[in-house]
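Visitor: Please take me slowly through one part of this protein: the places where oppositely charged side chains pair up. I'd like to know who pairs with whom, and where the partners sit.

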Amino acid sequence: MRRLRNVKIVATLGPASADYKTIRALFEAGADVFRLNMSHGSHAEHRVRYDIIRKIETDLGRPIAVLADLQGPKLRVGTFSAGAADLEEGDLFRFDLDPTEGDGHRVCLPHPEIFAALVPGTRLLVNDGKIRMRVERCGPDFADCTVTVGGTISNRKGVNVPDVVLPLAALSDKDRADLEFACEMGVDWLALSFVQRPEDVIEAKELARGRAAVLSKIEKPAAEKAFDEILKVSDGIMVARGDLGVELPVQAVPPIQKRLVRKCRAAAKPVIVATQMLESMIESPMPTRAEVSDVATAIYEGADAVMLSAESAAGRYPVDAVSTMNAVAQSVESDPTFREIIEASRTAARQTIADGIVAAAREIAETTDISAICCYTQSGKTVHLIARERPRVPIIALSPIVKTLRKTCLWWGVHAVRCEEVERFKMAVVNAARAARDFGFADETNQIVVIAGVPFNVQGTTNILRVAPCDERLIFRTDPE
C-alpha cells in the first residue's frame, strides 16, 4: 500500500476505534501512526489495541508507528459542598490547602508546589481558562485572588498557571508507571506532557533508555520560551495547541506554531501539529471550512504530521475523519504553491558528510529524472536528514531493523520497507531497486538515488551516493562484483 502524500497522519485510538476492523480501516484510510492516550483507559485496554496494531502490521506487511502520550501532572481544585459555586467578576476567592469542601469563597487546591511559585499579579486559570483570577496576596498555603472573568467553578476542575515555571516534574508517579509499561510493550514514540525545561525531557529519556524516542509537547509558555534548549534534547516535538491556547492569548498560537515548525525542520526533527484539527467531526460527518484550512495551513508550513484526537478516539466518524485529513493533504500537496512554500522555507545545514550527501541526493532528484531516494539505515538518522530536505520524490527507508522502520513512519515523505541485512553495496542497490518497483514508485525504465554507508550495519557511516537503474540486469552488468 502506497501513500499518495508526504505529511503523516496520527490517529488517536479510543472507545470508537478499539477493534481490529476499525483500526485496520483507519490505517487503510490513511493513518500512519496510532496514538495511545495514557490519560484514558487501562493498561489492559492499551495492550489489546497495541496487539491489534501489530497484527495489522503483520497482515499488511507495512511498519506502523505507535505513540504513547503520557498524561503529565494534573492540577485540579478540590470539591465543593454544593458541587459548584458561581463566581462573578470582582469577587474575592481563596485557594488553600484545607481539604474541607469549598464554597463561594474558597476551595482546596492540593498542590503546595503552586503556592510556592505564586507572586502577586500571577494569573490563575480554571476550567480551561473559562474562569480567570489574579493573585492579590499569597503564602506557602494560600492564595487570595480577585476574579477577573467569572463563571461556575465546580468539583475537580483543572487549574493552569501560565505566568510562572512551576517546581513540578513533568513525570508524575502515574507517568513513570505508564512510561515503563509503554516501553516494555514496545511503543516507538513517547509524548511527554507538562514540559517546562530541557531537564524534563532528559529525565524521560533516561527512563526510556533508548527503548522509545521522546517527543516533547509544547503546551506551556515556559516551554515556548525555552524551546531551543528543549528541541536540542528532544527526538521530536508536538505543538499541543489546546493547552497552549489556554495559557497564552489565542492570537499568539498561530505565529508560535509557524516558528516551532520551522525550527524543527531546520533541526531535522519531526513535528506534529495537534489539537482540534477536525473537532466538529466528533459529531458531524463533515468538517467546517475553517478546520480544513487549519489542517491545510499545518501542511503548507511543512509539518511532518497532523493529528486527530477525539475525532478518531471517541467521535462518531473516526474513519471519515482520517479520510478527510488524507484528502486535504493530497489536495494541498498537489498545489504548486505548496512546493514553492516548502522550498522557500528550506534551511541549509551543511555540517557533516551525511548533510552534504542528502542535500546532493535532493538536488540530483530535482534536476534529473529520478523516481525515488532510497536510504539504507540502521538508526534512522540519515532518513530524517533526507526528510528535512523535503525532496520532490518519495523517500524509501530500507532497514533490517523493524524498530527503526516503525520510528520513521512519523517522518515526512518516508515509506518504510523491511529488508534483509546486506554486506555488499551492490546488493543494497538491488534491494532498493526492487523496493521502488514493488511499491509502485518506479519501473525498470526509471532511475533511483541510493544512499548508504560502508561498512554496512554500522550506525553513522553514511558516505555513499549512487544513481542506479531500476533494471537489475543493468545493475549487475555495470557492477558485476
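**Charged partners**

Guide: Search the whole structure and you get 38 salt bridges, each one a side-chain nitrogen of Lys or Arg within 4 Å of a carboxyl oxygen of Asp or Glu. This is a predicted model, where local features need pLDDT of at least 70 and side-chain atom pairs pLDDT 80 or more, while totals for chains, interfaces and linings use all residues. Residues count from 1 along each chain as its sequence is written, and side-chain values use heavy atoms, leaving out hydrogens and water.

Let's start with Arg3 and Asp32, whose side chains meet in a salt bridge at 3.1 Å, N to O. This pair links distant parts of the chain, 29 residues apart. Arg3 belongs to the segment before β1 (8-13), and Asp32 to the loop between α1 (20-29) and β2 (33-37) (helices are DSSP runs of H or I with at least four residues, strands runs of E with at least two, numbered from the N terminus). Are these two buried or exposed? Arg3 has 13% relative accessibility, so it counts as buried (under 20% relative accessible area; exposed is over 50%, partly exposed in between, with a 1.4 Å probe and protein chains only). Asp32 is at 5%, so it counts as buried too.

Now hop over to Asp69 and Arg35. Their side chains form a salt bridge with an N to O distance of 2.8 Å. Asp69 sits in strand β3 (residues 65-69) and Arg35 in strand β2, so this pair ties together parts that are 34 residues apart in sequence. Both Asp69 and Arg35 are buried.

Next stop: two helices. The side chains of Glu472 and Arg434 make a salt bridge, N to O at 2.8 Å. Because Glu472 is in helix α18 (residues 472-478) and Arg434 in helix α17 (residues 425-438), the pair ties together parts 38 residues apart in sequence.
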